Amino acid sequence: MKIVNYDQLTEQQRELLDAAEKAMEDAYQPSHGYFVGAALLTSDNQIITGWGIEESVHDLTPCAEMAALKEANSQGYRSYKSIAFISGSYDSDTEKIIGPCNDCRQMMEGYAGPDLEVILSTAKKDRIVVTSIDKLP
Ligand SMILES: [Zn+2]
C-alpha cells in the first residue's frame, strides 16, 4: 500500500475525501470523542456520506461506512466506484489511519466487488492510503 499526500490525489478523490471530512465533522459521538466519516462515490458520480453514530445504551456504534452504504442503498444507488474514510478524535491520536471493519468490508465488497477503491486518511489529510478493498490488511 502506498501512502500519498492530498495533492497527489485526483480531483475526484479530493472531492470524495473532503466530503468524508465534512461527514466526520457532523458525527455524533458525545462521549467516545472519536469521529469517523465516510463518503461513497456511486458509479454515476454521486457522493453519499455517512458518519459513525454513538449509541450508549447498548454500546453499539454503527459504522460510518455502513451508514453511507445504507443511505446510498435507500436512495437507489447500488453500484459504487470508491469510498473514502477519515477519522479523528478529541485526544491526541489524529495520526491514525483507520479502515472499514470486517463486516462493512464484506458488505462493500459484495456490492462493489474487490476492485472498489478505498481512500483512507488521517484527520489532517497529511497521510493518505489509496488501495482497493481486497488489498486491505
Ligand atoms: Zn463497519
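This report walks through the sheet, helices and core of a predicted model.

## The sheet

Let's start with the strands. Six of them form an open sheet with mixed pairing, in the order β1-β6-β5-β4-β2-β3. The edges belong to β1 (2–4) and β3; each has a single partner strand, so one side of each has no neighbour in the sheet. From one strand to the next, the twist averages 20 degrees.

Strands of a sheet pair through backbone hydrogen bonds, in either a parallel or an antiparallel sense. β4 and β5 run parallel and are joined by five bridges, and Phe85 stands opposite Leu120 of β5. β2 and β4, in contrast, are antiparallel, with nine bridges between them; here Leu40 has Ile83 in β4 as its bridge partner.

β2 deserves a visit of its own. Seven of its nine residues are buried, so the strand is largely enclosed by the rest of the structure. Its pairing with β3 is antiparallel and spans five bridges, with Ala39 partnered by Thr49 in β3. Four residues lie between the strands of this hairpin, and Asn45 takes a positive phi there, near 65 degrees.

Leaving aside residues up to four places away in sequence, Ala38 touches Ala20 and Ala23, then Thr49 and Gly50, then Ala64, Glu65 and Ala68, and finally Ile83, Ala84 and Phe85.

## Helix α1 across the sheet

Helix α1 covers residues 11–26, which makes 16 residues. From its first C-alpha to its last it reaches 23 Å, close to the 22 Å expected at 1.5 Å a residue. The helix lies across β2, β3, β4 and β5, and runs at about 140 degrees to β2.

Which residues of α1 are buried? They are Leu16, Leu17, Ala19, Ala20, Glu21, Ala23 and Met24. These buried residues pack against β2 (34–42), β3 (47–51), β4 (80–89) and β5, and also against helix α2 (64–74).

In α3, the buried residues are Cys104, Met108 and Ala112. Viewed down the helix axis, they fall within an arc of 45 degrees, so they line one face of α3.

After α3 comes Gly113, with a positive phi near 85 degrees.

Nonpolar side chains tend to be buried together in soluble globular proteins. In this model, the largest nonpolar core has 38 residues, and those with the most contacts inside it are Ala20, Ala38, Ala39, Leu40, Ile83, Ala84 and Phe85. The elements giving two or more residues to this core are the helices α1, α2 and α3 (102–112) and the strands β2, β3, β4, β5 and β6.

## A loop at the surface

Finally, look at Asp126, in the loop between β5 (117–121) and β6 (128–132). Is Asp126 buried or exposed? Asp126 is exposed, because 12 other C-beta atoms lie within 10 Å, and a residue counts as exposed at 12 or fewer. Along the chain, Asp126 and Val4 are 122 residues apart, while their C-alpha atoms are separated by 8.1 Å.

Terms used. Residues are numbered from 1 along each chain as its sequence is written. This is a predicted model: local features need pLDDT of at least 70, side-chain atom pairs count only at pLDDT 80 or more; totals for chains, interfaces and linings use all residues. A residue is buried if 20 or more other C-beta atoms lie within 10 Å of its own, exposed if 12 or fewer, and partly exposed in between; C-beta atoms are placed from the backbone. The expected span of a helix is 1.5 Å times one less than its number of residues. Two residues are in contact if their C-beta atoms, placed from the backbone, lie within 7 Å. Two strands pair if DSSP finds at least two bridges between them. Axes are lines fitted to C-alpha atoms, for helices over the stretch in contact, and angles run from 0 to 180 degrees between N-to-C directions. A nonpolar core is a set of buried Ala, Val, Leu, Ile, Met, Phe, Trp, Tyr and Cys residues joined through C-beta atoms within 7 Å. The arc is that of the directions from the helix axis to the C-beta atoms.
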